[in-house]
Amino acid sequence: MAPSKLNSTDDESVSPSQPENGFLNSISLLNSEKAVQELIQQNPVLGTDDHLREFSEALRTVAKALRRSAEGKAAAQAEAAEWKRKFELESKRNLNLESKGLSLKEQNTDDKKIENLACQSTDPLEDCCENNGIFSHEVLRDGGTNSNFKVFKDKYTRKASFKLSWCCKGEQSDQHKHDIVSFEKGNITTAERSSKQISLKWESDPQTVLILTKPNSTSVKIMCSEMVRWLKHKRMNIYVEPRVKTELLTESPDFNYVHTWKDDSEITLLHKKVDLVVTLGGDGTVLWAASMFKGPVPPVVPFSLGSLGFMTRLYSESYKEILDSILKGPINITLRHRLICHVIRDAAKTEYETEEPILVLNEVTIDRGISSYLTYLECYCDNSFLTSVQGDGLILSTTSGSTAYSLAAGGSMVHPQVPGILFTPICPHSLSFRPLIMPEHVTLRVQVPFNSRSNAWASFDGKGRKELGPGDALVISMAPWPVPTACLVDSTTDFFRSIHEGLHWNLRKAQSFDGPRDS
């Protein structure tokens with residue numbers, strides 16, 4: 001090929017057209033690449049020197065760059081279209097939620113009677129607590145004197161208000177010491193951290209207590225009747241389950257002052273009436289108490305009348321002294337995070353067509369049920385593919401549930417106040433599948449692929465099993481409503497005592513003193 005022929009090549013066929021909105025036109029890029037390829041594939045003339053070979057290699061490099069640019073633009077356009085689709089779905093969902101909220105507000109206008117304990121606050125975080133329940137860690141605020149909570153008033157009693165604050169070790173005040181991040185002079189530093197122990201202080205006296213008990217236990221029945229009499233002496237309003245009220249009235253007709261509910265619709269309103277929840281049993285009773293509240297949960301006082309008791313650190317023998325101290329306040333609490341789970345069926349037209357959400361305090365488990373085949377699951381984290389699970393199943397656990405099923409499957413024990421989601425496989429058919437701990441802000445999606453040999457089964461805190469067929473998915477994220485449980489000492493001390501006493505963690509005979517020594 002003569003140099004003059006090279007120089008006479010049509011410039012418009014080699015060089016791409018002008019950019020549009022900052023991107024090269026993909027058609028022109030493809031045409032340019034085609035022109036370069038034709039130029040390269042022409043047979044060289046005998047006697048071609050090394051300079052022409054180098055020029056040919058340079059043209060190949062240009063062709064590769066043009067191809068990558070075209071592919072990059074196509075990927076960017078596809079991503080933009082996907083984001084536009086998600087935005088339209090989110091906008092449609094928000095409009096539906098707003099319309100539902102307005103209709104509900106119109107229906108309940110005559111029933112709501114709300115009064116402020118202090119001046120009206122403009123803080124949006126306090127609006128999350130208008131049901132007088134704990135919404136999230138964000139209800140904590142500085143100062144402690146400017147916390148304003150709204151109180152609901154029903155036909156019988158006024159719900160007590162409270163505030164939460166961080167307690168710093170070595171200080172008597174309940175001020176919140178922030179983890180301040182500084183970026184001065186390009187260096188990232190943090191200020192001294194507080195103990196992060198959360199304290200609850202009543203702003204008005206609690207008046208209503210809900211007592212939940214473990215069924216079929218004689219010792220629990222005796223304890224319940226004693227506690228009801230003692231709380232009545234304290235002039236408290238007492239709610240119990242219908243089953244418990246029947247048992248109390250069978251024992252004595254004098255218990256007719258105890259309140260209960262008739263149907264499930266009244267359970268949804270309990271968080272507006274109840275100031276305190278007392279559980280008599282083990283961890284299963286605490287799980288049952290948490291499952292009754294689909295939104296904010298009142299402070300839970302768990303008395304130990306079960307077996308292990310990782311969440312029930314209060315001794316039932318001292319219930320009078322403990323309840324006296326709690327009713328006066330302030331008390332140390334542990335905010336135990338919950339997961340919110342949505343089942344999306346394959347037949348759903350959009351990702352927002354889900355079944356009723358389910359809240360779990362311990363874990364959600366996806367397993368193979370009665371099938372003899374391996375469970376085959378595809379896992380995504382924030383819409384990015386994470387891994388495939390082939391084994392007996394998968395456990396997605398809260399940190400409070402890290403000492404339950406996740407522990408038995410090889411997961412780590414995590415302090416309950418650490419915000420995170422545990423990702424623990426059950427008997428994976430792999431030598432390298434290790435458990436993970438995800439940050440609290442991620443959304444996990446577990447889907448049964450269409451080429452799975454069998455269906456999967458999901459259970460929520462050990463109950464409410466749902467079958468997942470090919471194409472069905474389970475979406476899990478951190479719920480905004482934690483379960484506040486009262487501490488015997490503080491959250492860290494209670495956690496270490498529970499794993500020492502319940503699991504005999506790292507229990508070993510000490511080495512003898514008279515063994516071999518370094519010279």
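Analyst: What follows is a walk through some salt bridges of this predicted model. Side chains of opposite charge can pair when their charged atoms come close. With a cut-off of 4 Å between the nitrogen and the carboxyl oxygen, the count comes to 10 salt bridges.

Begin with glutamate 355, which takes part in two of the pairs described here. One partner is arginine 345, and the closest N and O atoms of that pair are 2.7 Å apart.

Another partner of glutamate 355 is lysine 466, with 3.2 Å between the closest N and O atoms. Lysine 466 belongs to strand β22 (residues 463-468) while glutamate 355 is in the loop, so this pair ties together parts that are 111 residues apart in sequence. Salt bridges with shared partners join Arg345, Glu355, Lys466 and Asp472 into one network. Lysine 466 is partly exposed, with a relative accessible area of 23%.

A further pair lies within a helix. Arginine 243 forms a salt bridge with glutamate 247, and their closest N and O atoms are 3.5 Å apart. The two residues are four apart in helix α7 (residues 242-251), so about one helical turn separates them. Arginine 243 is partly exposed, with a relative accessible area of 30%, and glutamate 247 is partly exposed as well, with 27%.

Methods: Residues are numbered from 1 along each chain as its sequence is written. This is a predicted model: local features need pLDDT of at least 70, side-chain atom pairs count only at pLDDT 80 or more; totals for chains, interfaces and linings use all residues. Side-chain values use heavy atoms; hydrogens and water are left out. A salt bridge is a side-chain nitrogen of Lys or Arg within 4 Å of a carboxyl oxygen of Asp or Glu. Buried means under 20% relative accessible area, exposed over 50%, partly exposed in between (1.4 Å probe, protein chains only).
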